[in-house]
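Have the model open beside you and let us walk through it together. We will begin with the strands and then turn to the ligand.

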Amino acid sequence: MSDTIHRDPDCLFCRIIEGDIPSQKVYEDELCYAFRDINPQAPTHILVVPKTHIPSCAAVTAENAGLVGHIFTVIVRIARAEGLEEGGYRVVSNAGPNAGQTVPHLHFHILGGERLSDRMS
Ligand code: 5GP
Ligand code: ZN
């Protein structure tokens, strides 16, 4: 797992991670940052992002797969802490225009707190 953090000064989420733009922090460690979505699509809607700039899940490689695995362990911990484990929750990562990705920095949505739509698209 690389320790190097790459930042894109023009990237919204890099700026949130830096603290240049305020956010409601849920969790942070040396590799990732989690915060509440500004426009929640469910009662609980949290974004988990790597601190290093990776454009999307389409840029996951053997080199950064360890980081992505770490983020998933964090997702599980956050879901537990938010009381989502029993009812269940959804983890989503949009890649590219057809998926409606609006921020080109890899992020995982954690959605829960109610019965989510059966339709995922
Ligand atoms: P995407 O559509 O790229 O998968 O998800 C981007 C998410 O970032 C959206 O759910 C959107 O509401 C959220 N978002 C966009 N700008 C901000 C912001 O400034 N702060 C926070 N907390 N969330 C944001
Ligand atoms: Zn970024």
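**Strands and a ligand site**

Lys25 stands opposite Phe35 in β2. This is a predicted model, where local features need pLDDT of at least 70, side-chain atom pairs count only at pLDDT 80 or more, and totals for chains, interfaces and linings use all residues. Residues are numbered from 1 along each chain as its sequence is written, chains are lettered from A and ligands numbered from 1 in the order in which they are written, and side-chain values use heavy atoms, without hydrogens and water.

Strand β1 covers residues 25-28, and its antiparallel pairing with β2 runs over three bridges (strands pair if DSSP finds at least two bridges between them). Three residues form the hairpin that links β1 to β2. Strands here are DSSP E runs of at least two residues, helices are H or I runs of at least four, and both are numbered from the N terminus.

Now for the ligand. Around ligand 1 there are 16 residues, with Asp37 and His107 among the closest; a residue counts when one of its heavy atoms lies within 4 Å. Helix α1 (12-18) and strand β2 (32-36) each give at least two residues to this shell, and α1 supplies the largest share, three residues.

Look next at the polar contacts, which are pairs of N or O atoms within 3.5 Å. A ligand 1 nitrogen is 2.9 Å from a polar backbone atom of Arg36, and a nitrogen of ligand 1 is 3.2 Å from one of Ile38.

Methods:
A polar contact is a pair of N or O atoms within 3.5 Å; within protein, one must be able to donate a hydrogen and the other to accept it, and residues adjacent in sequence count only if both atoms are side-chain atoms.
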